[in-house]
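What follows is a reading of one structure, taken step by step. Please keep the sequence and the coordinates open beside the text while following it.

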Amino acid sequence: MARRQRRNRPAAPSRRPDPPEQGGGAAPSRIPETLEGSVVFRVPFPESLDDLKGMTPIVVKWPYQIDYIHSFGQDSPFFAGLANGRLLGTRCPSCDYTYATPRLACMDCGAPTDWVELPKVGRVHTFTTCYFGSEAFLSECPFNLILVEFDGVDTLFLARLVGVAGNEIRVGMAVQARFVRNAKFKPTDVYFVPRDRP
Amino acid sequence: MALRGMRPVYVVSGGVSKFVKARPDRTFQPIVKEALDYALEDLGLEPGRARELIDGSVASYFSDHFMRQLMAGIMVQDYLGLCPKPSHRVEGGGATGGLGFQEGWKSVASGLMDVCLVFGWETMSHVQTWKGNEFIALASDVSFDYPVGGFYSGYYAMMVVRHMHEFGTTVEQMAHVSVKNHTNALHNPYAQKRLKLTLRDVRESPMVAYPLTRHDICVMSDGAACALLASEEGLLAIEKATGRTVPRVVVTGIGRGTDAMRMSDRPQRDVILLPHEKASDYKGLRYPGVHSFRAGRMATKQAYQMAGLGDPVKDLSFVELHDAYTSSEIQTYEDMGLCRYGEGGPFAASGKTFMPGIDYGLKLQKQGTIPVNPSGGLIACGHPVGATGLMQAVFALWQLQGTIARHFKDPALQVKSARRGAIHSHAGTGTYVTVSILERQS
């Protein structure tokens, strides 16, 4: 084993001087040294390679940012509806099952569904208040999430409930839809408030 | 779901890395190797011979986002020295480990392989906790759910608020689960969060999403686990190589279920019944709604039927289930038929799912009827997603071998005369769920 390792070890690099500059625009043979991307300039290194397994891990920061080009596809009319103050769901013409969050194919019978307008008033089916959250929403904490149930509609709708403290929310509470004036083309373009609010 | 033409599959050995908040000392591949090395050493199988006997593998990990590395599965296969043998990656959210285990089962049961290694891991420390929550929340519909306030603890909180409304479940009953699992983990050296808590400690820890506090929720983790599965032929070959007899632990049932990605889309209909239940048990209950996991019920029904189980409380010695939240442990008691729908809260507080002989500092009516998460579960062990379902398989194997004392250096969590156990792995808000039944043959 030891012998094989010796055989595989690469030959020690010879200290050859840099090749002389060539005329005629030949490619440079050295990567230019810049400060761009440098984060640390010296790391400790032990005398003996035997000590390397005890080395403290090097931990670096890798940024990652990306813009997605997301299409709402067949669900686009829902977002167009919100931008126009209309809350849309879908209904199956074959079995009459009605979806609060639109689906363009019926979960039960597979038939294509039709767009329908949902009531703007409903009830809290369940709720929570988030005191922590994902990084994207941390600045908005605490916020209330509810699932809304509508009369005559079989499924529920996830939304924010505003204008009420977390400890005042109850299952069954009547709520009313409101729309943001400047649509962001997000499901939060509609939100709910307690129904008795002015 | 019969086993027509399928061969018996044995769980031969397993290993788990110590679950911790962060493992900057290693990249993911050597963390998986720690689990494999342990499994082979425990078996007494020489590492080189093992690589001859293993026919292929299944790689189980959840998120490409946590490491910003695609094709990480092959990097583990490669590091473990298993190339050019066959392998594939399995992903299904939180149920990734359970799905991976069942894919390994299929590889052996079908006759494709005699020895199959299932390895899983997650290294979640590569991003900060709040960014990690964001990545996990991307496992919700990014058009309709995520932008409203994508946060899994928020989703689970809404589900349990409805459970409380339907059935009268209380936060104190939920806190019982937290006390149980954290206390159990005091005897499990692999666990990340080993704490002696009171009900009050649980309720007074910071509120994350009402009614769930920090101690109601599992933590992110870096960790790996692996399970070695074999056919009768594979087992005999391993025994020949080691000169030792391997205890016969066989997989007698597997089941899987699914549900709609958006929990708002879940129907409200009749309960899917388990072999020991009657329709009259659930008159008037609208099911699953958002209070119950239809996928868990479907997976349970298939697994129990395949394994020939009746009442699971009588027929199982223990359960390791996916308690990402104390609330989901209670909901899963019901899905798995340990109690009826609606009885999960009182069942949690009754003590029946606690380990016998351990002092939890609680007044329990009846302790240790059917221990659930004797290991401490996800809440205390941590939840390195792709490893979690396999960790359950390994802990279940050690229970059935009767070797918990050796592996945990502590006998307290050994379920006496454990004969049959269930493992349960769960994704999303209940979108993919797997249940597998493991049984010791005498």
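Two residues are said to be in contact here if their C-beta atoms, placed from the backbone, lie within 7 Å. The model is a predicted one, and by this criterion 37 residues of chain A are in contact with 30 residues of chain B. On the side of chain A that touches chain B, the strands β4, β5 and β6 of chain A each supply at least two residues, and β4(A) gives the most, with 6 residues.

The secondary structure of chain A comes to 2 helices and 8 strands, and, read from the N terminus on, its elements run α-α-β-β-β-β-β-β-β-β. Of the 198 residues in chain A, buried residues make up 25%. Among contacts in chain A between residues at least 6 apart in sequence, 48% join residues at least 24 apart.

The strands named at the interface can now be followed through their pairing. Strand β4 of chain A, residues 121-130, runs antiparallel to β5(A) and is joined to it by 7 bridges; within this pairing, A:Thr129 has A:Asn144 in β5(A) as its bridge partner. Strand β5(A) is in turn joined by 5 bridges to strand β6 of chain A, residues 157-161, and these two also run antiparallel, with A:Ile146 finding its bridge partner, A:Ala159, in β6(A). How enclosed is strand β5 of chain A by the rest of the structure? Because 6 of the 7 residues of this strand, which spans residues 143-149, are buried, β5(A) is largely enclosed by the rest of the structure.

Two packed helices are described by the angle between their axes and the distance between the axes. Helix α7 of chain B, residues 152-167, and helix α13 of chain B, residues 326-335, pack at an angle of about 50 degrees, with their axes 9 Å apart. That angle makes α7(B) oblique to α13(B), and the crossing of α7(B) and α13(B) is left-handed. Where the helices meet, α7(B) brings B:Tyr156, B:Met159, B:Val160 and B:His163, while α13(B) brings B:Ser327, B:Ser328 and B:Gln331. The residues of this contact of α7(B) with α13(B) divide into 3 nonpolar, 4 polar and no charged.

Technical notes
Residues numbered from 1 in each chain as written. Chains lettered and ligands numbered in written order. Predicted model: local features only at pLDDT ≥ 70, side-chain atom pairs only at ≥ 80, totals over all residues. Axes fitted to C-alpha atoms, helices over the stretch in contact; angles between N-to-C directions. Helix = DSSP H or I, 4+ residues; strand = E, 2+ residues; numbered from the N terminus. Parallel < 35°, antiparallel > 145°, perpendicular 65-115°, else oblique. Left-handed = near helix turned anticlockwise from the far one by under 90°. Nonpolar A, V, L, I, M, F, W, Y, C, P; charged D, E, K, R; others polar. Buried ≥ 20, exposed ≤ 12 C-beta atoms within 10 Å, placed from the backbone. Pairing = 2+ DSSP bridges.
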